[in-house]
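I set down here, in order, the items that I looked up in the structure below. Each entry gives the finding and the criterion behind it.

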Amino acid sequence: MNNLPKGWTAVTFKDVAEVNPRKFVDLALEDIVTFVPMASVDEISGTIKTPIVRPLKEVNKGFTQFVENDVIFAKITPSMENGKSAVAKDLANGIGFGSTEFHVFRSRGAVLPAYLWRYVRQREFREKAQQVMSGAVGQQRVPAEYLRECPLPLPPLAEQQRIVTKIDNLIARTTNAHLQLDCIPTLIASYKQRLLTMAFSGHLTAAWREKSLRSSEWSSKSLGELITEIVAGKNLRCEERPPMNDEKGVVKVSAVTWGNFNPREAKTLPSNFIPAEKTRINRGDFLISRANTLELVGAVVIVKDEPSNLFLSDKILRLEMAETEKPWLLWFLRSPQGRAAIESRASGNQISMRNLSQRNLLEIKTPWPSDDERLEIIRRIEADFEWLDRIFTEYYTAAQMLPKLDDAILTKAFCGRLVSQSSSDEHASALLKRINAQWAEKLITNKGQKHKRRKVQIQEEDMAFDKSLEHVLIEANDWLPAKTAFQHCGVGNGSSTEDIERIYAELRDLDVAGKLESETVTDSQGRKVYDRIRLKME
């Protein structure tokens, strides 16, 4: 962590945050709190998506506790690697409980929770944490001691806020780009289906017929009129692996999907079995899946490359026909009209597997325009599909680059190259020194109290600093439960009457000045959970 920008300082997590602070709750057992299982943390957005409200008595034992604005970080594989972490927000009564597989980071004031959260969201941070995981396979966890000693580049507090704001703006743009890009595969698939529907209903070449004065009348032919022979392999007990070297194999049903042939999807034949030579698969073969799921039964492909020592199975058939008729039949059986004909004839009550008999296959009828119109339709389909496939390739390349762009944004942010530095910002080392002094003074004060607070006291109160309410709300930059905001100002249970009057006077002043927003948070039954406040957004 060399060459830090001016005003920054190098620290470790333990210098600025408590890692897994002790459990302190100043609530009655009937009071409600927020419960967050691991599944509730969305690994893509890094937010708590589906929190649950429960009485304290149901969760106060056996779960990890955290408070408003704590950072929760999954410690266990694969949740940690997948990026399950979040800043705890909008907790009922400012308190949350969750999976024991969370580590908790609680800022002492020198680091913004949102800054710390963005730092642990980095791919590089998670990859390094993965290397130090310990425990049994499948149950490996990141040790808390490792996290306490993790280095952290610490900018001035004001610059942290600028960094967080800039990151959020940029990531919002890449997220929106993701959402827009993710629509493309569906649009391409819909366009292809629409194109094939038009092709085999005559609409695709209607203008072409009119311009060339061709007849608009189409006839139809059954596949039995086009197919001269159907060749099938045998159902044999094989080794569940692709053949190697001179071994022979049969293709599995997964080898044939829509327009694609995968020779690696094959099984190895017994060495003492010699398959019929006519069942060997060659370049140019027209293959169809006789048995598969409803979506894939009847899938067709024309083999483009010469497979090595592969033979037909009883579920993959070869259809023999004139070479000139193969492209037409390929595209028709892939069209919505062809699919409807196949699915209506596929038998079987099994949910996962359907069968298409040879007799039912041969009964399927295909539209049959003139020779030159069939060629024109095939030309247009292939040209448009090639164009759409190029678009998909470009989409895929862009989609693969966006995560790298997010990584680059975070890398720039934490080395001081995302936002500008300001000479008016309090130096991070001075900030840390001031915060530590306040922290030490608060601890001495707490230890000197003659009366202990009743059994469990929220620790946020212990670590609160003498901040103004406005300062606390500026740092939060979001809604805060009123109780949590007061605790950040050093006011809570056990505070003097003067301190309580001071915080309420400031609350009134902010409200009169038009700077404050407040609202009541309710549960699913409409019952009040708590009040929350924030500074009005300009």
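**Entry 1: Ile474**

I began with Ile474, which is partly exposed at a relative accessible area of 48%. I took buried as under 20% relative accessible area, exposed as over 50%, and partly exposed as in between, with a 1.4 Å probe and protein chains only. The areas come from the Shrake-Rupley method. Ile474 belongs to helix H17 (residues 469-476). Helices are DSSP runs of H or I with at least four residues, strands are runs of E with at least two, and both are numbered from the N terminus. I also looked up Ile474 against Met353: they are 121 residues apart in sequence and 60 Å apart in space, C-alpha to C-alpha.

**Basis**

I note that this is a predicted model, in which local features need pLDDT of at least 70 and side-chain atom pairs count only at pLDDT 80 or more, while totals for chains, interfaces and linings use all residues. Residues are numbered from 1 along each chain as its sequence is written, and side-chain values use heavy atoms, with hydrogens and water left out.

**Entry 2: salt bridges**

I counted a salt bridge where a side-chain nitrogen of Lys or Arg is within 4 Å of a carboxyl oxygen of Asp or Glu. By this rule I have 33 salt bridges.

In helix H14, I looked up Glu376 and Arg380, which are 4 residues apart, about one turn of the helix. Their side chains form a salt bridge at 2.7 Å, N to O. Glu376 is buried at 13% relative accessibility, whereas Arg380 is partly exposed at 24%. Elsewhere, salt bridges that share partners join Asp90, Glu519 and Arg532 into one network.

In helix H12 (residues 336-345), Glu343 and Arg339 are likewise 4 residues apart, so about one helical turn separates them. The closest N and O atoms of this salt bridge are 3.3 Å apart. I find Glu343 partly exposed at 33% relative accessibility and Arg339 buried at 9%.

Lys315 pairs with Asp314 in a further salt bridge, with the closest N and O atoms 3.6 Å apart. Lys315 is partly exposed, at 27% relative accessibility.

**Entry 3: a charged patch**

Which residues gather in a patch of positive charge on the surface? I recorded Lys166, Arg173, Lys412 and Arg417. Patch members have over 30% relative accessible area and no salt bridge, and like charges are joined within 9 Å. Lys and Arg count as positive, and Asp and Glu as negative, with His and the chain ends not counted. The charge is placed at NZ of Lys or CZ of Arg. Lys412 is part of helix H14 (residues 371-413) and is partly exposed, with a relative accessible area of 34%.

**Entry 4: helix H11**

How many residues of helix H11 (residues 326-334) are buried? I recorded 8 of its 9 residues, so the helix is mostly covered. The buried residues are Lys326, Trp328, Leu329, Leu330, Trp331, Phe332, Leu333 and Arg334.

**Entry 5: a sheet**

I then looked up an open sheet of 3 strands, in the order S18-S15-S22 and with mixed pairing. Its edge strands are S18 (266-268) and S22 (310-311), each pairing on one side only. Two strands pair if DSSP finds at least two bridges between them. Strand S15 (residues 249-251) and S22 pair in the parallel sense over 2 bridges. Gly249 stands opposite Leu310 in S22.

How values were computed. Patch = residues over 30% accessible without salt bridge, like charges linked within 9 Å, V, L, I, M, F, W, Y side chains within 5 Å. Areas by Shrake-Rupley, 256 points an atom, 1.4 Å probe, with all protein chains shown as cover.
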